[in-house]
Amino acid sequence: MRLGADHVLVRVPATSANLGPGFDAMGLALGLHDEIEVQLVASDDVRVEVVGEGAGEVPDGAEHLVVRALQHTLEAAGAPLTGVHLRCTNRIPHGRGLGSSAAAVVSGIVAARGLLADPHALDARAMLSIATAFEGHPDNAAPALQGGATLAWSGADGPRAVSLEVDPRIRATVLVPEARLATSRARGVLPQQVPHADAAFTAGRAALLVEALARRPELLLDATEDRLHQDYRAEVMASTTELVRALRAEGLAATVSGAGPTVLVLATAEQEPALDALLGELLGGGRDGATDGGWKVGRPAIDATGATCRSVGP
Ligand SMILES: Nc1ncnc2c1ncn2[C@@H]1O[C@H](COP(=O)(O)OP(=O)(O)O)[C@@H](O)[C@H]1O
Ligand SMILES: N[C@@H](CCOP(=O)(O)O)C(=O)O
């Protein structure tokens, strides 16, 4: 496959995976975005400039996650490999359970697609498949690619995803702590097996969540209950677990966002004054959305679009 462009801009949303019972399956795209600018160069030079989250921490060459995903995708599409100059403007915090690694992988894949002479050669399923191979699970990659709420699974033909309806009354609030937790660590504390009763309980709640998201927000508290991962993870995220339990005890649908330690609350506008008052008590007030315990409270819109790519120049 020939290359058709040499300079693209890509924007990818943060994502909150699991939503309680949808472990490794459900996810929601949020209005907080990373942006990358990719310029192919004639030499084999690979250069990465990072502004914002991860600056000074992530690799600045071929090992950078975006570059790896980009080059892997070009190779998979049979396109020639060249050097690349990458500029990242990162807003998604790393290691907080808001899908930063999935956003990086998806931005590389979407950029590669935008550089191909025929981008349609790489369809949505092919992109999800590559992203899932990098991530190990499709629940962040699906909403990062297509926006909104998604349900993803791996079938005989590879990873697939469908969009879920979200009632416009439902809004997301994220409570982001200062401390990071690698997803690999939070996966490492999960058991190999769970009791059948817990699996049955969680399967029922995940099914209920589809209905609660679509048109019955009053069911969100019950529908976001989970017995597959959150309790097991309490040992590596004590404050998160405490916060989730305190919010749920007051009737608010709080869950661990992804593998944590961010907390996601799904609430209607009517519930927000009570939520905000409770957060004031639980976290203490602070300037610029920061609270006494270092938690930042955000209320991003639900991103309905997913990853976008546009070509720059002639
Ligand atoms: N934009 C990015 N560019 C390069 N690497 C990234 C980027 N975002 C995340 N990563 C890598 O992924 C790690 C975080 O991934 P992970 O532990 O899965 O947490 P998260 O919940 O944020 O996805 C970072 O420490 C970094 O190594
Ligand atoms: N299903 C995964 C989701 C990980 O999401 P992240 O945003 O923390 O990378 C899990 O729970 O491990």
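**View 1. Helix H2 gives the most residues to the shell around ligand 1, three in number.** The model is predicted: local features need pLDDT of at least 70, side-chain atom pairs count only at pLDDT 80 or more, and totals for chains, interfaces and linings use all residues. Residues are numbered from 1 along each chain as its sequence is written, while chains are lettered from A and ligands numbered from 1 in the order in which they are written. Helix H1 (65-76), strand E4 (83-90) and helix H2 (100-115) each supply at least two shell residues. Helices (H or I, at least four residues) and strands (E, at least two) are DSSP runs, numbered from the N terminus.

**View 2. The shell around ligand 1 holds 21 residues.** A residue is near a molecule if its C-beta atom, placed from the backbone, lies within 6 Å of it. Leu65, Ser100, Ser101, Ala104 and Thr183 come nearest. Eight shell residues are nonpolar, eleven polar and two charged. Here Ala, Val, Leu, Ile, Met, Phe, Trp, Tyr, Cys and Pro count as nonpolar, Asp, Glu, Lys and Arg as charged, and the others, Gly among them, as polar.

**View 3. Ligand 2 has 17 residues around it.** Closest are Ala17, Gly97, Thr183, Gly258 and Ala259. Helix H5 (residues 183-188) provides the largest share, three residues. The shell has five nonpolar, nine polar and three charged residues.
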